[in-house]
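The structure is shown first, and the account follows.

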Amino acid sequence: MTRAVDASVYSPDMLSSKYGTRPIKVLRRALQIFNGLGSFALKVWLDQLNGELDRKMRLRAIELRQTFTRLGPTFVKIGQGLSTRPDLCPPEYLEELSELQDALPTFPDAQAFSCIERELGRPLETIYSSISPSPIAAASLGQVYKAQLKYSGQVVAVKVQRPGIEEAIGLDFYLIRGVGILINKYVDIISSDIVALIDEFARRVYQELNYVQEGQNARRFKKLYADKEDVLVPDIFWDYTSGKVLTMEWVEGVKLNEQEAIERQGLKVLDLVNTGIQCSLRQLLEYGYFHADPHPGNLLATPEGKLAFLDFGMMSETPEEARFAIIGHVVHMVNRDYEAMARDYYALDFLSPNVDVSPIVPALRDFFDDALNSTVSELNFKTLVDGLGAVLYQYPFNVPAYYALILRSLTVLEGLALYADPKFKVLAASYPYFAKRLLTDPNPYLRDALIELLFKDGKFRWSRLENLLVQGKKDRDFSAKDALQPVLKLLLGPDGKELRDLVIKEAIRVSEAIILGSAIESFNSVPGPMRTFVFNGNASGPFTISAAEQQSLMELRAQVIKIWGLLQSSENFDPNLLQPILQVLQEPEARSIGGRVVGGISQRLAARLLQQVLRA
């Protein structure tokens, strides 16, 4: 921390005072950017007019990569984001822009080695027994050498910051922020605070310039997420780290977008992407601390089949309230409860509390009724983002900066998956995690969301519970012992009266289905002639239930038995999971519920018996 005490922090006021008095330098850079991007756009437009767009695609892709490289680190980061979006860029562009991840121009090795000695305060030969004479990779903000520590023989990666990087980035953000101010002032169609989004992004980039901060990010990330056997986070060597030099454990691996190389190791890209998605869901919705820059250069497939995360410069956090609101939002989307979806935007900090959400509901209904026709699991994440974006633009939404980084993180992962499987759906892969959290998380917001999902119009939806259990079991951390425990606690709590009434009603219906269903099944197993003889020629037996009602009872009984089978088939199933239920059944409120259920069943069976006697 002492070595990083002079690390720069992003300050719009500082940039304004620094560049506001240097108009010539600012104008020169603005013309450079306009000339680079403007000439490229003009060439593409002429290609389209002349019908040569496809023929010159590769040439233009190379030119765009070269333009981004010439314009410097800020535009290299833009190119890195585009390189993971096959839904936005043709294959030629994806291939060329992917080189921006670690094939950037290097700066002189002598400058890098001098920086290491200056930052660590020791001669190079006293630190490393060997170091590669040239960089292994060059990124937007620095370049990486492979070395061996002298004291331990440990093989490490040494990242050294580019000289003059702070000056280049500062000027670009000063210009971009100026454009953002103009958009906020004159472009009414965009309701989000563009300047706030730019400031948030700039703050993250400036944090990347402090390598001690990046090392702390890596340590925190490893503590939270590397407990899973398929996730790898390299160790940081603090004695050899400073504000501009970062030394970490060397990781052997292949970039996640190199499908053929991964498959040659006997691994599957989609398995690794699924690992990335599950880890990202934990980042976004469990602890709230997430990697905001997961491009292919920062994600490696190791020979052991692990997913290695690198480059922890750009991290962000999801507020606790927003984490639960996001899960609830998915539940409301599944239920097509658009009023509740609109109210979620308060918790997500999209809307101020004084904004009326009622006009937003029809817009949500128009989009999602159409989008959900093919079931939620078939939805592409980008489809949702684009559709929600169209809604956001029409109303006074303010998209928080953390949400923009979440979208970036998930769209990058979906983009990587699309390399291997064009039909891959992030939402389908995310279902097991959402189901597990709903079934087991004691948070009141998620508990209420689960009740809302299972009950509709006073009726219990067994199909929804079955689907949640089927999906939840796919998550390796799912515990049958914890499933539905939060709801049980509410059921017996002081605030559970309304839920108790619903559960008692459903318990009576299920008990009746099991008792009568078992009796009907036993009756049907008796041979036909014997049935006729025993019941005096009545082939339908002692039951006065219509065929439709019999079918309904048997279906309900079968569904309940199936759900119990799902719980039993869980890997960590233990009959002792019933013990907490038996314990709470000793409580006075539970005994009251039991008495009401028994009384209700008795009344229904007595009514059926009386009906039978009267008919006889």
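In helix α13, residues E321, A322, A325, G328, H329, H332 and M333 meet A340, M341, D344, Y345 and A347 of helix α14. Contact here means heavy atoms within 4.5 Å. Helices (H or I, at least four residues) and strands (E, at least two) are DSSP runs, numbered from the N terminus. The model is predicted: local features need pLDDT of at least 70, side-chain atom pairs count only at pLDDT 80 or more, and totals for chains, interfaces and linings use all residues. Residues are numbered from 1 along each chain as its sequence is written, and side-chain values use heavy atoms, with hydrogens and water left out.

Helix α13 covers residues 320–335 and helix α14 residues 338–347; their axes come within 9 Å and cross at roughly 170°. The axes are lines fitted to C-alpha atoms, for helices over the stretch in contact, and the angles run from 0 to 180 degrees between N-to-C directions. The two helices, α13 and α14, are therefore roughly antiparallel to each other. In this scheme, angles under 35 degrees count as roughly parallel, over 145 as roughly antiparallel, 65 to 115 as roughly perpendicular and the rest as oblique. The contact of α13 with α14 comprises seven nonpolar, three polar and two charged residues. Ala, Val, Leu, Ile, Met, Phe, Trp, Tyr, Cys and Pro count as nonpolar, Asp, Glu, Lys and Arg as charged, and the others, Gly among them, as polar.

On the α1 side the contact is made by P12, L15, S16, K18 and Y19, and on the α8 side by E167, G170, L171, F173, Y174 and R177. By class, the contact of α1 with α8 has six nonpolar, two polar and three charged residues.

At the level of the whole chain, the secondary structure comes to 26 helices and 13 strands. Of the 616 residues in the chain, 49% are buried, where buried means under 20% relative accessible area, exposed over 50%, and partly exposed in between (1.4 Å probe, protein chains only). Among contacts between residues at least 6 apart in sequence, 70% join residues at least 24 apart.

The following table lists the accessibility of selected residues.

| Residue | Relative accessible area | Class |
|---|---|---|
| C89 | 11% | buried |
| C115 | 6% | buried |
| C279 | 3% | buried |
| S430 | 4% | buried |
| D311 | 16% | buried |
| P133 | 65% | exposed |

C89 lies in the loop between α4 (73–82) and α5 (91–97). Leaving aside its neighbours within four places in sequence, C89 is in contact with L82 and L94. C89 and A61 are 28 residues apart in sequence, and their C-alpha atoms are 9.7 Å apart in space. How many disulfides does a search of the whole structure find? The search finds zero, a disulfide being a pair of cysteine sulfur atoms within 2.5 Å.

P133 is found in the loop between β1 (128–131) and β2 (137–138). Apart from neighbours within four places in sequence, P133 is in contact with D109, F113 and Y145. K146 is 13 residues from P133 in sequence and 9.0 Å from P133 in space, C-alpha to C-alpha.

S430 belongs to helix α18 (residues 426–440). Beyond its neighbours within four places in sequence, S430 is in contact with I277 and L281. Helix α12 covers residues 269–287; at 1.5 Å a residue its 19 residues should span 27 Å, and its end C-alpha atoms are 26 Å apart, which agrees. The expected span is 1.5 Å times one less than the number of residues. Just after α12, G288 takes a positive phi of about 80°.

Most residues other than glycine have a negative phi. D311, in the loop between β10 (307–309) and β11 (315–317), has a positive phi near 60° and is not a glycine. D349 likewise has a positive phi, of about 70°, although it is not a glycine; D349 is found in the loop between α14 and α15 (360–371).
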